[in-house]
Amino acid sequence: MRILLVEDDPMIGEAVAVALKDAAYAVDWVRDGASATLALDNAEHQAVLLDLGLPKRSGAEVLSRLRGQDNRVPVIIISARDAVEDRIKALDLGADDYLLKPFDVEELLARLRAVIRRRGGQAAPVLSNGIVSLDPVTHEARRGDSAHLLSAREFALLQALLLRPGAILTRSELEERIYGWNEEIESNAVDFLIHGVRRKLGPDTIKNVRGAGWMVEKPA
Amino acid sequence: MRRSLQRRLSLTLAFAIVLTGLIAAVTSFGLGYFEAQELQDDSLRQIAALVARRAADAGFKGAPSPDGASGDNESRVVVMRLPGDARPAWLPENILPGFHTLDDGPERMRVLVRRLPQNARIVVAQPTDLRNEIALNSALRTLVPLILLLPLLAWLTARIVATELAPVRRMAHRLDGQAPDRPAALSETDVPDEIVSFVHAINRLLERVSQLMNEQRRFIADAAHELRSPLTALSIQAQNLENAESREASKDRLTALRAGIDRAQRLADQLLSLAKTQTGTTEQAMIDVSAIVRELIAEYLPVAEARGIDLGMEEVAKPSLSGSPDALRLILGNALDNALRYIPSGGEVTVRLTAEGDDAVIEVADTGPGIPASERTRVFDPFYRLEGSSGNGSGLGLAIARDAASRLGGSVILQDRPEGTGLVFRYRQRRADAN
């Protein structure tokens with residue numbers, strides 16, 4: 001799951017990026033509004049964390065441009081502006097949520113899960129295709145009676161597949177959801193992660209479609 | 001003693017009225033008295049004329065009747081026709097015709113002697129006590145309206161003064177009722193001309209006060225906003241440290257947390273410095289500028305070395321300044337801190353001491369990217385940051401330097417470095433040894 005973080009304060013940006021990576025998100029971090037627009041035009045993100053006071057182009061401008069292009073990616077505003085008018089304006093411009101600085105990381109992560117879940121049309125927090133279920137909070141995967149704790153990247157991989165059961169994801173699509181821009185990707189990283197998940201949950205959990213990619217089965 | 005305008009006006013006006021009233025009273029009393037006397041002399045003259053005519057007609061022989069006829073004391077008049085040289089005992093010999101006031105008889109008398117033909121005389125006399133009483137009574141009657149009017153006048157004066165001064169009282173009341181945090185200008189309508197300029201002055205003061213209040217309010221709002229950033233960083237950094245899975249990761253995250261704490265600490269320090277420069281006392285001491293510059297350079301040398309910046313000093317003159325050494329330390333310390341924070345590593349920072357005329361000039365020159373001319377005023381505003389600058393500064397350094405400079409009676413400007421790129425921070429103050 002890939003998140004765009006737009007934050008000009010280097011210390012906050014760094015810290016949030018670390019926290020998101022800990023929670024198994026791939027993070028692209030940009031520091032100004034213009035780069036944010038560029039990033040949104042050129043890559044697919046599952047959510048955006050957007051500061052309002054940004055150099056070059058304000059967060060509000062980035063947001064209204066994004067919604068003007070009919071891009072429906074979930075956006076959470078993270079801002080130190082506590083005035084009710086600011087919050088109302090941001091929500092009316094198309095933000096999905098507004099989080100006031102300073103915030104608790106756990107709360108940020110919970111809100112992030114919530115907006116992503118809503119965008120996927122799901123009500124239940126746990127992802128499932130009827131065979132395998134995945135809890136985004138605990139990173140615990142279940143199959144039948146056995147529960148397994150997944151590593152951050154294994155979780156990211158399985159989550160990407162379970163978000164769209166029945167759809168085939170290519171290697172590069174998977175890599176995009178697991179790794180941020182500046183992270184080095186080893187050539188067989190995806191194979192390695194799939195191997196890990198299959199070992200824990202059973203070989204038929206993730207199906208390989210030769211020449212096309214990988215998928216999990218649709219619920220029956 | 002307080003000087004109440006209304007009291008003083010009322011009192012002085014009342015005094016003036018009473019005084020003129022008194023003068024009027026005395027005059028009218030005197031005139032009335034004199035007039036009454038004249039009137040009585042006239043009636044004596046008429047009596048005499050009447051008696052003379054009747055004497056000529058009927059050979060009237062009046063007998064001296066000093067005690068008068070009837071009992072009405074007020075009209076007691078003695079009329080005598082004296083043949084030849086006959087006279088009562090109280091009438092002096094050889095008295096000439098005309099009016100006389102006689103003191104020698106049993107009582108004081110006013111006497112009119114009139115000569116008749118055939119060597120006879122008519123004497124008409126009246127006791128002066130009686131006359132005076134009549135005159136006094138009639139004079140006193142002229143005083144009555146005046147005396148009745150005096151309290152009315154005094155009351156009217158007090159009322160008029162109070163009414164005319166009412167706008168001043170109302171204005172004071174309105175001023176008292178103002179909210180202290182947002183004073184509003186006083187209205188100039190229905191204010192007397194003499195007070196309008198005063199109202200103008202008060203309004204100008206109120207405007208300056210509310211401007212200052214606005215600045216302070218904005219500053220506090222900005223400061224609260226600025227505090228959120230380091231706190232946000234700290235809270236996430238602490239949580240990241242808690243979630244660290246490896247020893248190596250915790251070490252990295254602890255370093256980040258320390259940096260966050262340093263940043264919060266620095267912001268708190270800078271806020272405190274700013275508060276001090278704004279309220280501090282104006283200490284007057286001789287400042288050894290080159291000693292202070294050397295101390296500061298020693299203090300910042302580790303930072304400069306860590307960033308690979310060549311920090312040095314150039315002493316062209318040895319100016320001495322008077323004022324607070326701490327204020328100068330704040331000015332130059334913030335200039336050095338900015339220079340070392342914002343220029344790329346491998347650069348050069350030089351503190352230069354010179355003199356220009358009567359002024360001492362201390363420059364902190366760097367080889368950094370400089371600041372565009374259009375931004376050189378705004379960067380002195382609290383929390384203003386240049387676009388794209390790293391957000392770890394407090395945003396207060398230059399504001400502190402400017403406030404401290406104005407406390408010292410000096411000034412701060414930013415300039416381009418004459419040779420190559422870079423910024424020069426220039427502090428200028430009148431030398432202590434200037435004439």
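Predicted model: local features only at pLDDT ≥ 70, side-chain atom pairs only at ≥ 80, totals over all residues.
Residues are numbered from 1 along each chain as its sequence is written, with chains lettered from A and ligands numbered from 1 in the order in which they are written.

Let's start in chain A with strand β3, residues 47-50. Helices (H or I, at least four residues) and strands (E, at least two) are DSSP runs here, numbered from the N terminus. In a regular strand the side chains alternate between the two faces of the sheet. In β3(A) both faces are covered: Ala47(A) and Leu49(A) are buried on one side, Val48(A) and Leu50(A) on the other. Buried means that 20 or more other C-beta atoms lie within 10 Å of a residue's own; 12 or fewer makes a residue exposed, anything in between partly exposed, and the C-beta atoms are placed from the backbone.

Who sits beside β3(A)? Strand β1(A), residues 2-6, pairs with β3(A) in the parallel sense over 4 bridges, and Leu5(A) stands opposite Leu49(A). For two strands to count as paired, DSSP has to find at least two bridges between them. Strand β4(A), residues 75-79, is also a parallel partner of β3(A), over 3 bridges, with Ile77(A) as the bridge partner of Leu50(A).

Now hop over to chain B, where 4 strands form an open, antiparallel sheet in the order β1-β4-β3-β2. Strands β1 (78-83) and β2 (98-102) of chain B are at the edges; each has a single partner strand, so one side of each is left without a neighbour in the sheet. That partner for β1(B) includes a 6-bridge antiparallel pairing with β4(B), residues 120-127, in which Met80(B) stands opposite Val123(B).

Back in chain A, take a look at Asp22(A), which is found in helix α1, residues 10-22. Is Asp22(A) buried or partly exposed? Asp22(A) counts as partly exposed because it has 19 C-beta neighbours inside 10 Å. Leaving out residues up to four places away in sequence, Asp22(A) touches Asn240(B) and Asn243(B); a contact means C-beta atoms, placed from the backbone, within 7 Å. Asp22(A) and Arg153(A) are 131 residues apart in sequence, yet 9.7 Å apart in space, C-alpha to C-alpha.

Key: Contact = placed C-beta atoms within 7 Å.
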